[in-house]
Amino acid sequence: EVVLTIPEELGLTLASTPEALRRRVALDLAMGYYIQGHISLGKATEMSELKRAEFEAALAERQTIRSYSRDDLTDDLASSRQRE
């Protein structure tokens with residue numbers, strides 16, 4: 001767990017509640033790391049605490065080009081095996 005301190009005034013400009021701010025920061029960080037290629041789609045989805053479809057919708061909403069890496073394939077295969 002990492003604790004990030006955001007000044008209250010700035011936090012209130014970004015979100016209406018501390019929980020909404022926490023969710024927004026988690027999503028923004030996950031998207032940023034994913035876009036930069038530091039983490040796979042599966043890891044970014046996990047980091048954002050969203051369902052995969054929700055994370056993909058957020059990417060589309062921000063008009064982000066989605067890549068599909070070898071790590072994404074590995075994550076997808078592992079995930080599908082866990083469901084069996």
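**Ser 48**

I looked up Ser 48 in this predicted model and found it buried, with a relative accessible area of 5%. The cut-off for buried is under 20%, so Ser 48 qualifies. I placed Ser 48 in helix H3. I then checked where its side chain points: it reaches the backbone oxygen of Thr 45 at 2.8 Å. I also listed its neighbours, leaving out residues up to four places away in sequence, and got Ala 26, Leu 27, Ala 30 and Phe 55.

**Glu 49**

I went on to Glu 49, which sits in the loop between H3 and H4. Is Glu 49 buried or exposed? I read a relative accessible area of 54% for Glu 49, which means exposed, as the cut-off is over 50%. I noted its backbone as well: phi is positive, about 65°, although Glu 49 is not a glycine.

**Nonpolar core**

I asked which residues make up the largest nonpolar core. I found nine: Leu 27, Ala 30, Met 31, Tyr 34, Leu 41, Ala 44, Phe 55, Ala 58 and Leu 59. I traced them to their elements, and helix H2 (18–35), helix H3 (41–48) and helix H4 (52–61) each supply at least two. H2 gives the most to this core, with four residues.

**Helix H2**

I checked the length of H2 next. Its 18 residues should span 26 Å at 1.5 Å a residue, and I find its end C-alpha atoms 25 Å apart, so the two agree. I listed the buried residues of H2 as Ala 20, Leu 21, Ala 26, Leu 27, Ala 30, Met 31 and Tyr 34. I then looked past the end of the helix: H2 is followed by Gly 37, whose phi is positive, near 85°.

**Largest pocket**

I looked for open space and got a volume of about 410 Å³ for the largest pocket. I counted 16 lining residues, with Leu 4, Ile 6, Leu 21, Arg 22 and Val 25 nearest the centre. Which elements give two or more residues to this lining? I found helix H1 (8–14) and H2. H2 gives the most, with six residues. I note that Leu 21 is buried in H2 and is also among the residues nearest the pocket centre.

**Leu 73**

I found Leu 73 in helix H5 (residues 70–83). I record Leu 73 as partly exposed, because its relative accessibility is 42% and that class runs between 20% and 50%. I took one distance from Leu 73: its C-alpha lies 14 Å from that of Thr 45, with the two residues 28 apart in sequence.

**Whole chain**

I ended with the overall figures. I count five helices and zero strands, and from the N terminus on the elements run α-α-α-α-α. I get a C-alpha trace that spans about 45 × 25 × 20 Å along its principal axes. I find that buried residues make up 23% of the 84 residues. I also looked at contacts between residues at least 6 apart in sequence, and 41% of these join residues at least 24 apart.

Technical notes: Residues numbered from 1 in each chain as written. Predicted model: local features only at pLDDT ≥ 70, side-chain atom pairs only at ≥ 80, totals over all residues. Heavy atoms only, no water. Core = buried A, V, L, I, M, F, W, Y, C linked by side-chain atoms within 4.5 Å. Buried < 20%, exposed > 50% of the residue type's maximum accessible area, 1.4 Å probe, protein only. Polar contact = N/O pair within 3.5 Å; in protein donor to acceptor, adjacent residues only side chain to side chain. Contact = heavy atoms within 4.5 Å. Expected span 1.5 Å × (residues − 1). 1 Å grid on protein atoms, 1.4 Å probe; cavity = no way out; pocket = protein on both sides within 12 Å on 5 of 7 lines; lining within 4 Å. Points joined across faces, edges and corners; volume = space filled by probe spheres on them.
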